[in-house]
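Subject: Structure for you to look at

Hi,

Here is the structure I promised to pass on.

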Amino acid sequence: MKSYFFLPPVRQAAGGVTVLRRMASFLAASGREAHLVPREMQGEGPGWAPSESFVEAPIVAWDKLALKSGDLWVVPEGWVNALTPGLSAGARCLVYVQNWAYLLSALPEGVSWRMLPVDFLAVSDPVAQFVAATTGREAPVLRPGIDTNLFSAPKQKPSVSDGVRIAYMPRKNKALAKQIRETFSALDESLAARCHFVEIAGMTAQGVAEALQSAHIFLATGFPEGCPLPPLEAMACGCLPVGYMGFGGADYMRQAIAPESDPAPFAPWWPVRDVPWAAHGGGNGLWSADADILGAALHLKTAAEWFLSGSPQVAQTLAATLANGRATAAAYTLDVQRQNVLDLWQRYEST
């Protein structure tokens with residue numbers, strides 16, 4: 001069985017494209033025939049920067065693609081028209097749903113997923129639930145991984161005596177992030193004066209890692225999400241994450257504050273899986289309902305107070321939450337992702 005991964009035309013290799021490239025790389029390194037098929041080429045290459053964390057799988061130009069019935073054609077959920085070569089050739093078509101929000105919006109008028117002879121793969125447990133509810137089909141879960149050689153906790157964080165450092169990514173709902181910052185400042189101006197926001201934008205992966213390593217808190221403003229990687233990277237770098245789940249983040253995000261102590265209580269209404277880092281009632285962040293600006297600001301205020309508090313009990317809670325975050329990140333490494341990819345492909349090869 002040959003595997004071909006369609007790569008959509010993008011200016012930069014964002015998280016979802018990188019996940020596909022890594023999957024193909026893992027398969028090629030295992031001795032399987034796996035190829036990348038970019039929709040557009042720039043010069044002699046597909047237009048993305050080379051990655052230092054994996055060796056690229058072989059590339060097949062779009063106009064040279066010749067699928068056969070025994071091949072596997074992998075397409076991300078937002079590019080329905082890209083299924084055409086696979087459907088025409090009678091190949092096995094696999095739609096990898098990395099963001100639930102694009103699954104239905106990308107469909108042409110009058111077409112539903114129930115009409116199409118495709119299989120689904122989900123990036124997280126919540127996304128698998130969404131796929132099952134909207135298509136009537138089960139989707140195995142294949143989670144992404146983060147590079148924990150790059151994203152790791154420093155030996156020591158900057159002292160909070162110089163201020164609590166809060167990292168955030170303005171590209172994730174920029175206007176809403178601004179509103180959270182404004183609301184946070186309005187809640188307690190003296191506390192806000194002791195905090196510094198670290199903007200993560202236009203950086204290399206190394207730059208992002210260094211910014212997270214310098215921060216105490218990571219403000220997650222992204223939604224919708226399939227299985228958001230920045231909060232995982234922040235956890236690996238020793239940050240306390242605060243913010244939104246984006247629905248898909250509930251694959252690993254668990255509330256660290258008890259409801260009776262929570263200034264803005266929130267819990268997912270959908271079923272969440274059991275995870276070892278929450279086995280004893282602990283959590284890995286302060287999470288709010290998507291788009292709840294006041295709730296996120298209140299959680300950000302609580303998080304900053306945790307770092308500035310002199311209470312031994314608060315320090316213990318903070319330390320336990322940070323430890324749970326590191327345990328969460330350890331469950332999403334590239335080694336774990338690689339093994340899950342190889343195990344899943346072994347199942348595909350036997351069916």
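This is a predicted model: local features need pLDDT of at least 70, side-chain atom pairs count only at pLDDT 80 or more; totals for chains, interfaces and linings use all residues.

Overall fold. The protein chain holds 11 helices and 10 strands. Along the principal axes, the C-alpha atoms fill a box of roughly 65 × 40 × 35 Å.

Packing and surface. Of the 351 residues, 50% are buried. Take the contacts with a separation of 6 or more: 69% of them join residues 24 or more positions apart.

Charges. I count 27 positive and 31 negative side chains in the protein chain. The centres of the two sets lie 3 Å apart.

Helix 1. This helix covers residues 15-29. From first C-alpha to last it reaches 21 Å, close to the 21 Å expected at 1.5 Å a residue. Is it enclosed or open to the outside? Largely enclosed by the rest of the structure, because 11 of its 15 residues are buried. The buried residues run from Val-17 to Leu-27, and include Arg-21 and Arg-22. What covers them includes strand 1 (3-7), strand 2 (34-38), strand 3 (72-76), strand 4 (92-97), strand 5 (119-122) and helix 11 (334-349). After helix 1 comes Gly-31, with a positive phi near 95 degrees.

Best wishes

Key:
Residues are numbered from 1 along each chain as its sequence is written. Side-chain values use heavy atoms; hydrogens and water are left out. Helices (H or I, at least four residues) and strands (E, at least two) are DSSP runs, numbered from the N terminus. Buried means under 20% relative accessible area, exposed over 50%, partly exposed in between (1.4 Å probe, protein chains only). Contact means heavy atoms within 4.5 Å. Lys and Arg count as positive and Asp and Glu as negative; His and the chain ends are not counted. The place of a charge is taken as NZ of Lys, CZ of Arg, CG of Asp or CD of Glu. The expected span of a helix is 1.5 Å times one less than its number of residues.
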